Amino acid sequence: MACTSNSHCAGSTPICETSTNTCRACTGDSECTGIGPGVCMDHQDGRCASDAETVVVTSAATLPSPITSGKRLVVIRGSVSGTIAWTLPSSQVTMVGQTSGTLTGNGTAATVHVTGGDIYIRDLLITGGAPGVWASGGNILRLRNVSVSNNTAGGIMLDGAAFDIKNTTVNSNGSNIAGVPFGGILIQNTP
């Protein structure tokens, strides 16, 4: 499609490449500024996310379940205290941190515990959990630009879950959960 501005583009090609006057997929959140929550879904089809598919979380009271909310994008803005224990739907759920997005657990349960389905998390600090992230039950855990640190009982536990982890740090975590000593990543029961 020929274009001269982003207003001429839509769907999975929301960005006007002015050097060629063609619409293309977004490649980063900065290209989606002013469109919905400002999130580029480059890990899916390259669209800029819409408000209709998004839940913005700014406090623990608003941590939604993708099942009950019907929305597949969770944006964590700033520092949020709370834990997530989700059984995921078959379609991918995305969690993105913005404005120094941090999710802090309570020290007695996993900060993020997901079962089944497919979750993609990026640009988020996950801290204060036991462990930080626990993926189980045939889950696919995808992390990009995530920091999993200062959790009381391990960083990431993969319990029968597949994974795709890129540009992610796992450090300064406690070293024990259920009698199994680990502080970084534990692959327990391969998928």
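A: In this predicted model, Phe-163, Ile-185 and Ile-187 make a nonpolar surface patch of about 280 Å². Patches are made of residues with over 30% relative accessible area and no salt bridge; like charges are joined within 9 Å, and nonpolar side chains (Val, Leu, Ile, Met, Phe, Trp, Tyr) within 5 Å. A salt bridge is a side-chain nitrogen of Lys or Arg within 4 Å of a carboxyl oxygen of Asp or Glu. Accessible areas come from the Shrake-Rupley method with a 1.4 Å probe, and for residues only the protein chains shown count as cover.

Q: Where is Ile-185 placed, and why does Ile-185 count as partly exposed?

A: Ile-185 belongs to strand β18 (residues 185-188); strands (E, at least two residues) and helices (H or I, at least four) are DSSP runs numbered from the N terminus. Ile-185 counts as partly exposed because its relative accessibility is 44%; buried means under 20% relative accessible area, exposed over 50%, and partly exposed in between (1.4 Å probe, protein chains only).

Q: How many disulfides does the count come to?

A: A disulfide is a pair of cysteine sulfur atoms within 2.5 Å. By this rule there are four disulfides. With the bonded cysteines of the protein chain numbered in sequence order, the pairing reads 1-3, 2-4, 5-7, 6-8.

Q: What is the torsion about the S-S bond of Cys-3 and Cys-16?

A: The sulfur atoms of Cys-3 and Cys-16 are 2.2 Å apart. The torsion about their S-S bond is about 95°, so this disulfide is right-handed. Cys-3 lies in the segment before β1 (15-17) and Cys-16 in strand β1, so the pair ties together parts 13 residues apart in sequence. Cys-3 is buried at 2% relative accessibility, and Cys-16 is buried at 9%.

Q: Is the link of Cys-9 and Cys-23 left-handed or right-handed?

A: The link of Cys-9 and Cys-23 is left-handed, with -80° about the S-S bond. This pair links distant parts of the chain, 14 residues apart: Cys-9 is in the segment before β1, and Cys-23 is in strand β2 (residues 22-24). Their sulfur atoms are 2.1 Å apart, and both Cys-9 and Cys-23 are buried.

Q: Which residue does a disulfide join to Cys-26?

A: Cys-26 is joined to Cys-40, with an S to S distance of 2.1 Å. The torsion is about 95°, so the disulfide of Cys-26 and Cys-40 is right-handed.

Q: Which conventions apply?

A: Residues are numbered from 1 along each chain as its sequence is written, and side-chain values use heavy atoms, with hydrogens and water left out. As the model is predicted, local features need pLDDT of at least 70 and side-chain atom pairs count only at pLDDT 80 or more, while totals for chains, interfaces and linings use all residues.
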